[in-house]
Amino acid sequence: MILLNPTHHTRQYPDTRSRELMLKTIEFFEQKGKQKLKADDRAFVWYSDFLEFQKREKLFATLLTPTPYGDPPDARWDTWRNCEFNEILAFYGLAYWYTWQVSILGLGPIWQSANETLKRKAAQLLRDGEVFAFGLSERLHGADIYSTEMCLTPQPDGTYRANGEKYYIGNGNIAPLVSTFGKIAGTGEYVFFTADYRNRNFDLIQNVCNSQSYVANFALRDYPITEADILSRGQAAWDAALNTVNIGKYNLGWASIGICTHAFYEAINHAANRKLYGMRVTDFPHAKQMFTDAYARLVAMKLFALRAADYFRSASAQDRRYLLYNPMVKMKVTTQGEEVINLLWDVIAAKGFEKDTYFEMAARDIRALPKLEGTVHVNLALILKFMPN
Ligand SMILES: Cc1cc2nc3c(=O)[nH]c(=O)nc-3n(C[C@H](O)[C@H](O)[C@H](O)COP(=O)(O)OP(=O)(O)OC[C@H]3O[C@@H](n4cnc5c(N)ncnc54)[C@H](O)[C@@H]3O)c2cc1C
């Protein structure tokens, strides 16, 4: 069975803990139930139940701590099982996936840093059940991170004061370490440092989006920074920004796969139980054709993303094929996800608007994935850049 089926989850795992994590996560959402998932979505309810659950079960700690910093010993950063976790979270709702995804992004510059103290701190915070945030984007500059305005001004005592605003930063309301990208005043050198949302000089201005997720606009106003808060500088800071997105954007393909899988089940159940002119909608030839087309595309999305995972897992300084395959997952898998939803929607028509369906949420959320962490055009440009090399 290629598609995720939460009611019959019989996948093979190399260890019992991995299996337990996935099953417990499925169980959490099944217990919560579709009605409550939808009610929370409609009312933009903050998902503290999910955050409490992940803390209790040490989910992010197990899945997102690289082995040398891990405790308990089954903690490891394993792309294979992270793919599946992405898929499960998005199957139940993109907001739950988002808090996990931006934690991955926030941890990117930390695990890539040479600052061992901050890495150990991050590992402890993961064990404590905290989530993370990635402060790259700014309101005025979009994809143009050369123009970053967040600025660290050196002080006579060797410390710095951070000033500037960030925009669209997921988990910016609760992350004790917000990995923040900026420049050093005077030299313009790039820098990645960490900020804590609880500091009085951290001004949480607003949630930019209409969503259960908190997509923060925050400002640092004379926020005190010492060398201990600095993750990387110069080329290393720039590389950490780009590499984090290169790694993180791959997950968007898996979010599309999770969304499409749930929408597919809902659509085919509805169509198979709906009788028009004395026949089931699934028996109309054009409905069969659309379901077959949607299914084939969804399976192809998943097979392609699985293949890309192999290149990702075998990546090295010599083997950089992931730099071709990850943008393709980001661009092509996510746009095919839109196509799958379009096909299903043409079959179920009015049902796809109903407030109690997963589908109505899917039809909205599927559109986010081609656009965020680099648009389709930006990723196409990356593919074209890779090919001559
Ligand atoms: C819900 C949500 C959550 C987000 N979460 C985070 C987060 O946690 N942390 C974070 O740092 N950011 C986050 N972002 C920001 C997101 O990654 C931005 O969308 C991204 O920075 C691109 O900026 P932009 O969307 O403003 O597009 P712009 O950069 O304004 O792009 C405008 C147009 O220019 C094109 N373009 C830009 N650059 C190029 C290029 N080099 N080549 C070809 N075409 C190009 C684009 O394709 C696009 O069509 C989030 C955004 C949203 C909406």
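The largest nonpolar core has 106 residues, of which Phe50 and Trp97 touch the most other members. A nonpolar core here is a set of buried Ala, Val, Leu, Ile, Met, Phe, Trp, Tyr and Cys residues joined through side-chain atoms within 4.5 Å; buried means under 20% relative accessible area with a 1.4 Å probe, protein chains only. Helix H10 (residues 322–348) gives the most to this core, 13 residues. Apart from this core lies another of 18 residues, including Ala133 and Phe202.

The model is predicted: local features need pLDDT of at least 70 and side-chain atom pairs pLDDT 80 or more, while totals for chains, interfaces and linings use all residues. Residues are numbered from 1 along each chain as its sequence is written, and side-chain values use heavy atoms, without hydrogens and water.

Helices are DSSP runs (H or I, at least four residues), numbered from the N terminus. Of the 14 residues in H4, 13 are buried.

The axes of H1 (residues 16–42) and H4, lines fitted to C-alpha atoms over the stretch in contact, come within 9 Å and cross at roughly 10°. H1 is therefore roughly parallel to H4, the term for angles under 35 degrees. Contact means heavy atoms within 4.5 Å, and the residues below are among those that make it.

| Helix | Residues in the contact |
|---|---|
| H1 | including Leu21, Ile26 and Phe29 |
| H4 | including Phe85, Ile88 and Tyr92 |

Definitions and conventions:
Buried < 20%, exposed > 50% of the residue type's maximum accessible area, 1.4 Å probe, protein only. Helix = DSSP H or I, 4+ residues; strand = E, 2+ residues; numbered from the N terminus. Axes fitted to C-alpha atoms, helices over the stretch in contact; angles between N-to-C directions. Parallel < 35°, antiparallel > 145°, perpendicular 65-115°, else oblique.
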